[in-house]
Amino acid sequence: MAPYSSVFLGIWGVFVLTLIQESKPVSWEEWWTYDGISGPAFWGLINPEWSLCNKGRRQSPVNLEPKHLLFDPNLQPLHLDKHHVSGVLSNTGHGIVFVVDNDIRLPVNISGGPLSYRYQFHEIHLHYGLTDHSGSEHTVDGYAFPAEIQIFGFNSHLYNNFSDALHRAQGIVAVSLLLQEGNLSNARLRTFTDQLEKITFHGDAVKIKHFTVYDLLPDTKHYMTYDGSTTMPACHETTTWIILNKPIYITKQQILALRHLMQGNSENSKGPLGDNFRPPQPLHHRSVRTNIDFKVQQGSKNCPTMNRDIYYKANSWK
């Protein structure tokens, strides 16, 4: 066993014993974090049901390496319905989450792309850093963006709801939007950031009405895709990831507002909510496919790019 595992198990054993002695139930959702002995390196040791977090071979996020992208001409355009939904934006103590209302009459469907089934939009997660040089979970050639939005849906062809699909084959889709700092933010993103003062502490929530998920997307048809996992415990390896090949923009003022949010409640604010990202995980020989045909794009002035200094190069998919 690795030395850090022995140290962790010793410390965690004392913690669990203390809880037993005080007759307090263990709340796994409450005790995992993004740093320290309850951080990502230890998720698979905290709870046996989270063993995939440490032992899985298809974990997320990953570092996207342009030179290793595989061009797949069979990949279809991604489609998201354009109608609006309502839901609740909340501070979970781990991040900012928007969950759609359960009684939704006209669900937003996600289809096309690499997907063989129709997926129903369920929630959005926002990850961000406390500095300008980190925040996104996915990285590009080692480059981290200040924030990342993840749009999650469940396979509504095969499963009844998000919870059911979470641990089932091809259960989840996650559409990733990487955020870059700019002078003018994505208009739909402001729907969230304008409400941040109302969700300063863990458990705070605010109702969001008439939200159009489609309007968050950047103006691009290009993306990368791979088979991975959820990026929080229990790290279920049931997620098809789709990372769009263009950022959306967030202003410096919006980023600063995010960094004022706290992990705890008003009585015990704990630390800032930011830096809520899992580090990139090994690919383990997985392929990352793309619909970017670099041979076509190379001579174009509109060569797709996530950042003006980062260009994607695609190999032929066979």
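Biologist: What should I know about the model before we start?

Modeller: It's predicted, so to speak of local features we need pLDDT of at least 70, side-chain atom pairs count only at pLDDT 80 or more, and totals for chains, interfaces and linings use all residues. Residues are numbered from 1 along each chain as its sequence is written, and side-chain values use heavy atoms, with hydrogens and water left out.

Biologist: How do you know what confidence the predictor has in the chain?

Modeller: Look at pLDDT, the predictor's confidence in each residue, from 0 to 100. The protein chain averages 88, and 84% of the residues score at least 70.

Biologist: Which stretches have pLDDT under 50 or below 50?

Modeller: One is residues 3-24, with 18 contacts beyond four places in sequence; a contact means heavy atoms within 4.5 Å. Another is residues 302-312, with 37 contacts beyond near neighbours in sequence. Where pLDDT is low, the predicted coordinates should not be read in detail.

Biologist: Why is Trp32 called buried?

Modeller: Buried means under 20% relative accessible area (exposed is over 50%, partly exposed in between, with a 1.4 Å probe and protein chains only). Trp32 has 2%, so it counts as buried. Tyr34 has 15%, so this residue is buried as well. Trp43 has 0%, so Trp43 is buried too. Across the protein chain, buried residues make up 50% of the 318 residues.

Biologist: What makes Trp32 and Tyr34 an aromatic pair, and why edge-to-face?

Modeller: Rings of Phe, Tyr and Trp (its six-membered ring) pair if their centres lie within 6.5 Å; planes under 30 degrees apart are stacked, over 60 edge-to-face, the rest tilted. Trp32 and Tyr34 are 5.3 Å centre to centre with 75° between the planes, so they pair edge-to-face. Tyr34 also pairs with Trp43, at 5.9 Å and 70°, so that pair is edge-to-face too. The whole structure has nine aromatic pairs, and Phe98, Phe121, Phe192 and Phe211 form one aromatic cluster.

Biologist: What makes a space a pocket or a cavity?

Modeller: On a 1 Å grid over the protein atoms alone, a cavity is a set of points where a 1.4 Å probe fits but cannot get out; a pocket is an open set with protein on both sides within 12 Å along at least five of seven lines, and lining residues have an atom within 4 Å of a point. The largest pocket holds about 460 Å³. Its lining has 21 residues, and the closest to its centre are Trp32, Thr33, Gly93, His94 and Gln263.

Biologist: What about the second largest pocket, and which residues are the closest to its centre?

Modeller: That pocket has about 390 Å³ of space. Among its 22 lining residues, Glu123, His125, Phe162, Met232 and Pro233 are the closest to its centre. The largest share of the lining, four residues, comes from E7; strands (E, at least two residues) are DSSP runs, as are helices (H or I, at least four), numbered from the N terminus.

Methods. Points joined across faces, edges and corners; volume = space filled by probe spheres on them.
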